[in-house]
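Here is a short briefing to read alongside the model. Keep the viewer open and follow the topics one at a time.

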Amino acid sequence: MAPLARNVLVTGSNRGIGLELVRQLVEGPDPPEHIFATYRDLDGARGKALQELAAKYPPVRLIQLDAVSLASVRAAVKEVDSQLNGKGLNLLINNAAVNSYATLQSVQPEEMISVFTTNVVGPIQVAKEFLPLLKRAAEEAGKEGLSCSKAAIINMSTKVGSIELCFQVLEIPMYPYRASKAALNMVTRCLAAELKDAGILCTAIHPGWVKTDMGTEKAPLTVECSVQGILSVLAGLSQATTGVFLDWEGKSLPW
Ligand SMILES: NC(=O)c1ccc[n+]([C@@H]2O[C@H](COP(=O)([O-])OP(=O)(O)OC[C@H]3O[C@@H](n4cnc5c(N)ncnc54)[C@H](OP(=O)(O)O)[C@@H]3O)[C@@H](O)[C@H]2O)c1
């Protein structure tokens with residue numbers, strides 16, 4: 001079995017879905033050559049599990065990256081580039097995000113801007129700065145078509161960011177979070193349209209409602225189960241599924 005992708009980067013890997021993505025990728029039957037697991041801060045309990053994974057498995061490389069700081073993203077690109085030693089980055093998973101439960105009554109402009117900065121500006125900035133490494137991977141693949149093993153950007157979105165489904169899940173106000181993920185969905189479509197000729201696939205994934213710090217204990221889905229589904233969906237992506245919005249089981253969602 002070939003690895004999902006030879007060189008992978010996952011943002012926000014120190015906990016939640018990001019951490020489990022790194023774990024299942026490296027413990028899978030055919031692990032990538034490099035898994036760049038990015039974090040903001042490894043101090044305290046939040047970083048312990050990721051540090052243990054990196055100590056146990058040489059493909060896991062810890063890279064500091066704060067998605068909202070251009071200087072931090074650029075430093076991460078430089079470090080990843082030097083570790084890739086002339087090879088490209090095949091798969092970029094924009095997983096890092098923040099939640100916000102602000103309602104129409106409680107929402108503040110600062111909160112809208114802060115959530116947009118992390119959930120929209122962050123992923124665009126990360127995609128833009130890592131683009132030369134993704135293009136290098138697409139060029140070196142030297143084959144037709146699109147796939148995660150060639151070159152891809154996966155944006156972790158959410159069903160509650162779907163404009164079409166909004167009336168069905170109205171009970172969750174979350175103005176900043178929902179608006180930011182709807183914007184991220186548009187970014188995904190724009191990236192897919194712009195980058196397909198460069199051989200780079202771009203898809204948005206809804207991981208389900210998952211038991212993490214963000215999803216809370218009330219969530220029905222374990223992080224193991226969600227990530228198992230996500231990885232199998234990613235393995236099946238192709239030219240036909242660039243620019244689409246899928247859930248962790250591979251079901252198509254409306255934008
Ligand atoms: N859990 C769910 O039910 C659910 C449902 C739908 C969609 N999602 C999406 O799935 C993704 C992962 O969610 P999760 O549940 O694993 O969330 P989580 O447990 O809250 O973890 C969020 C991760 O993002 C990182 N992060 C936040 N801001 C960052 C920044 N500026 N730069 C770099 N990293 C940053 C956090 O790092 P720190 O530890 O440093 O804060 C943490 O590693 C998110 O995109 C989320 O919107 C989750």
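In which strand is Ala-152 found? Ala-152 sits in strand E5, which covers residues 152-156. Please keep in mind that this is a predicted model.

**The protein as a whole**

- The protein is built from six helices and seven strands, and from the N terminus on its elements follow the pattern β-α-β-α-β-α-β-α-β-α-β-α-β.
- Its radius of gyration is 17 Å, close to the 18 Å that the globule rule gives for 255 residues, so the protein is as compact as a globular protein of that length.
- The C-alpha trace spans about 50 × 40 × 35 Å along its principal axes.
- Of the 255 residues, 51% are buried.
- Among contacts with a separation of 6 or more, 74% come from residues 24 or more positions apart.
- The accessible surface amounts to about 11900 Å², and carbon and sulfur atoms hold 55% of that surface.

**The sheet and a helix across it**

- Seven strands form an open sheet in the order E3-E2-E1-E4-E5-E6-E7, with parallel pairing.
- At the edges are strand E3 (60-64) and E7, each of which pairs on one side only.
- On average, neighbouring strands of this sheet are turned by 20° against each other, direction ignored.
- Helix H3 (residues 70-84) lies across strand E1 (7-10), strand E2 (34-39) and E3, and H3 runs at about 155° to E3.

**Strand E5 and Ala-152**

- Strand E4 (residues 91-94) pairs with E5 in the parallel sense over four bridges; Asn-94 has Asn-155 as its bridge partner in E5.
- Five of the five residues of E5 are buried, so this strand is largely enclosed by the rest of the structure.
- Ala-152, Ile-154 and Met-156 point one way from E5, while Ile-153 and Asn-155 point the other way.
- Is Ala-152 buried or exposed? Its relative accessible area is 0%, under the 20% cut-off, so Ala-152 counts as buried.
- Leaving aside neighbours within four places in sequence, Ala-152 is in contact with Asn-90, Leu-91, Leu-92, Leu-134, Ser-147, Ile-200 and Leu-201.
- The C-alpha atoms of Ala-152 and Leu-234 are separated by 9.6 Å, and these two residues are 82 residues apart along the chain.

**Strand E7 and the aromatic pair**

- Strand E6 (residues 201-206) and E7 pair in the parallel sense over three bridges, and Leu-246 in E7 is the bridge partner of Ile-205.
- How many aromatic pairs does the structure hold? There is one aromatic pair.
- The ring centres of Phe-245 and Trp-255 are 5.2 Å apart and their planes are at 20°, so the pair is stacked, given that planes under 30 degrees apart count as such.
- Phe-245 lies in strand E7 (residues 245-247) and Trp-255 in the segment after E7, so the pair ties together parts that are 10 residues apart in sequence.
- Phe-245 has 1% relative accessibility and counts as buried, whereas Trp-255, with a relative accessible area of 25%, is partly exposed.

How values were computed
Residues numbered from 1 in each chain as written. Predicted model: local features only at pLDDT ≥ 70, side-chain atom pairs only at ≥ 80, totals over all residues. Heavy atoms only, no water. Phe/Tyr/Trp six-rings, centres within 6.5 Å; stacked < 30°, edge-to-face > 60°. Helix = DSSP H or I, 4+ residues; strand = E, 2+ residues; numbered from the N terminus. Buried < 20%, exposed > 50% of the residue type's maximum accessible area, 1.4 Å probe, protein only. Pairing = 2+ DSSP bridges. Axes fitted to C-alpha atoms, helices over the stretch in contact; angles between N-to-C directions. Contact = heavy atoms within 4.5 Å. Rg over C-alpha atoms; globule rule 2.2 N^0.38 Å. Areas by Shrake-Rupley, 256 points an atom, 1.4 Å probe, with all protein chains shown as cover.
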